[in-house]
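Please look over the sequence and the structure shown here. A short report on them comes after.

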Amino acid sequence: MSILVIGGAGYIGSHMVKRLVENDEEVVVADDLSRGHRAAINDKAKFYKGDIRDRSFLDGLFEKEAIDTVVHFAAYSIVPESMEKPLKYFDNNVGGMITLLEAMRDHDVKRIIFSSTAATYGVPEKSPISEVDATKPINPYGESKLMMEKIIHWADEAYGIKFVALRYFNVAGADPDGSIGEDHGPETHLVPIILQVALGTREKLQIYGNDYNTPDGTNVRDYVHVLDLADAHILAIKYLKDGNSSDVFNLGSSSGFSVQEMLEAAREATNKEIPAVVAPRRAGDPDSLIADSSKARSVLGWNPKYDDVKEIIKTAWNWTQKHPKGYADRK
Ligand code: UFG
């Protein structure tokens, strides 16, 4: 049987595919390549190009391949873009999930691991945030992911499709071998932007606001390495295969770093000056998001290996230096 990775050409999906292939799993990738890169998909995985909102595409795939588990990364995930284009987010993220679950129901595929997000919590009531805390998203992206979680829950109740929803905090870093990494167009994420400045392909970092309710006034986030995240998915697959019930888990390092602290860590990791200026706040940003990941550790047995943001940044810097244009040189 094969594992279907939807969105396997994207940043996190491509790291997951590589990890699965290294574990000798049979892997099928589906991706519409609207945001992902063909060159990011591991050579040992089978690839189907298509959109999960296209039911006939999914039917064709499930008929040809013996899939027993789906890992779903194919959602839009940019907070500021979702503030400007909310319907685009609900269409792709929520619409895609409904079509996918219908196809899974009809083809008798009973397991799904799904990328959820810390953005489901909105402005947290306490820190660190645990899975039982209130979910009140403050942007359409977070709202769409929360809706997806609720939809899967009812699909489980009605059709027995078991799920694990993984609420990621801020994912960063790259495979240390430098073969795959983060490449969004346009780039909006903090770590790759800082590293573009370090490389000299971007003039300076804009720090979006220094008047937040945090120790140095800049937003605090919880950064987790992309390979630690991939490992959590592998444990989640095992958790479902062992017959456990559907559940939701936070994935973060449980420590927070401000934008200013990330900048300083990157200056040390790269040995570059990295010019930065304070700019106005960006829409949709909560002050601080820090995970309580104790449930993933105790229930899934997750043991993240990267506990130092400088080490996380170094793996991303390795990729950035090897591929200054991202995947553009490999298409
Ligand atoms: N930031 C800057 N300047 C930049 C880019 C980002 O100051 O040029 C700041 C942002 O304002 C934010 C922090 O850096 O405070 C991190 O921003 P990112 O865009 O890297 O990440 P987000 O926190 O907005 O969102 C990420 C993922 C989401 C996920 C969320 C959960 O993109 O999918 O983490 O914490 F939901």
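## Model

The structure is a predicted model.

## Around the ligand

The shell around the ligand is made up of 21 residues, and the closest are Thr117, Ala119, His189, Leu190 and Asn219. Sorted by class, the shell contains 11 nonpolar, 7 polar and 3 charged residues.

Helix 6 (190-199) supplies at least two residues of this shell, and so does strand 8 (205-208). Strand 8 gives the largest share, 4 residues. The ligand shell lies between domain 1 (2-172 + 223-251) and domain 2 (190-221 + 254-330), because both domains give residues to the shell.

## Helix 2 and helix 4

Two packed helices are described by the angle between their axes and by the distance between those axes. For helix 2 (residues 55-64) and helix 4 (residues 86-106), the angle is about 35° and the axes are 10 Å apart. Their crossing is right-handed.

On the helix 2 side, the contact is made by Arg55, Leu58, Asp59 and Phe62, and on the helix 4 side by Thr99, Leu100 and Ala103. The residues of this contact divide into 4 nonpolar, 1 polar and 2 charged.

## Tyr159

Tyr159 belongs to helix 5, which covers residues 140-159. Is Tyr159 buried or partly exposed? Tyr159 has 14 other C-beta atoms within 10 Å, so Tyr159 is partly exposed; a buried residue would have 20 or more, and an exposed one 12 or fewer.

Tyr159 and Arg105 are 54 residues apart along the chain, and their C-alpha atoms are separated by 6.6 Å.

Key:
Residues numbered from 1 in each chain as written. Predicted model: local features only at pLDDT ≥ 70, side-chain atom pairs only at ≥ 80, totals over all residues. Near = placed C-beta within 6 Å. Nonpolar A, V, L, I, M, F, W, Y, C, P; charged D, E, K, R; others polar. Domains from an automatic or database assignment. Axes fitted to C-alpha atoms, helices over the stretch in contact; angles between N-to-C directions. Left-handed = near helix turned anticlockwise from the far one by under 90°. Contact = placed C-beta atoms within 7 Å.
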